[in-house]
Amino acid sequence: MKTPSNRRSALKTLAAGSVAFVAANTLSARVQAAENLMETPLKGKINHSVCRWCYSSIGMEALCQAAKKIGLQSIELLDPVDFPMIKKYGLTCAIANGPGGGFGIEKAWNRVENHDQLVALYQTRINEVANAGYNNLICFSGNRGGMSDAEGMENCATGLKKIMALAEQRKVTIVMELLNSKVDHKDYMCDHTAWGVELCKKVGSDRLKLLYD
């Protein structure tokens, strides 16, 4: 038996209205849940942290106040100048920022010509992190720039070995970040797990770990 066209249209309208009603209510529930988060204390089973650079437009003290209010434990990728402020609010730094000096994601340990400067900068930063009572410090491979992954790995291992004795002594873990070179970090060398794991094996220290973006 065929459904009359006017009945079929009515059913379609009713179905569309039902879907819209469900979607609207789902969205409303999500918005309400987000608003309630500010008033609902976290259970403390997960250590929540936020990256400083994501909120660079917010003053450091305001960020600390907001982080404390919603139950975060850490603000990460900070420089030593920011350590006193997070201590003031009872926060920690899950992983400290690299030492800068013109070095970062694109220019780092995979070039031997960078090693002398990087070693000096990282030795200073390791001591700063340890003195503040923190124990993780980020580092990067650098971009390929035509270099083979094998050569870059050897170069990274050679350079990082020069700071591992101090890192071990001060109990600071050097953390090599893996980044997505297909999306937003084009040409970055440490872009897959196998490379990072092999680098850790070559360095041979428990104080070198991997961080996934």
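**Entry 1: W53**

I looked up W53 and found a relative accessible area of 59%, so I noted W53 as exposed (over 50%; buried is under 20%, partly exposed in between, with a 1.4 Å probe and protein chains only). The model is predicted: local features need pLDDT of at least 70, side-chain atom pairs count only at pLDDT 80 or more, and totals for chains, interfaces and linings use all residues. Residues are numbered from 1 along each chain as its sequence is written, and side-chain values use heavy atoms, with hydrogens and water left out.

W53 sits in the loop between β1 (49-51) and α2 (60-69). Helices (H or I, at least four residues) and strands (E, at least two) are DSSP runs, numbered from the N terminus. I also checked E76, which is 23 residues from W53 along the chain; their C-alpha atoms are 8.8 Å apart.

**Entry 2: the largest pocket**

Rolling a probe the size of a water molecule over the atoms shows where empty space is left. I read off a volume of about 250 Å³ for the largest pocket. Of its 14 lining residues, W53, L77, E177, L179 and D213 are the closest to the centre. A pocket here is an open set of points on a 1 Å grid over the protein atoms alone, where a 1.4 Å probe fits, with protein on both sides within 12 Å along at least five of seven lines; lining residues have an atom within 4 Å of a point. The volume is the space filled by probe spheres set on the points.

I sorted the lining by class and got 10 nonpolar, 1 polar and 3 charged residues. Asp, Glu, Lys and Arg count as charged; Ala, Val, Leu, Ile, Met, Phe, Trp, Tyr, Cys and Pro as nonpolar; the others as polar.

**Entry 3: β4 and β5**

Strands β4 (residues 173-178) and β5 (residues 208-212) pair in the parallel sense over 5 bridges. Pairing requires at least two bridges found by DSSP. I found I174 opposite L208 in β5.

**Entry 4: two arginines**

Is R144 buried or exposed? R144 is buried, at 16% relative accessible area, and lies in the loop between β3 (136-139) and α5 (149-170). Its side chain makes a polar contact of 3.0 Å with the side chain of D191; such a contact is a pair of N or O atoms within 3.5 Å, one able to donate a hydrogen and the other to accept it, and residues adjacent in sequence count only if both atoms are side-chain atoms. A polar atom of the R144 side chain also lies 2.9 Å from the backbone oxygen of Y188.

R125, in helix α4 (residues 115-131), is buried at 9%. The R125 side chain reaches the backbone oxygen of G98 at 3.0 Å.
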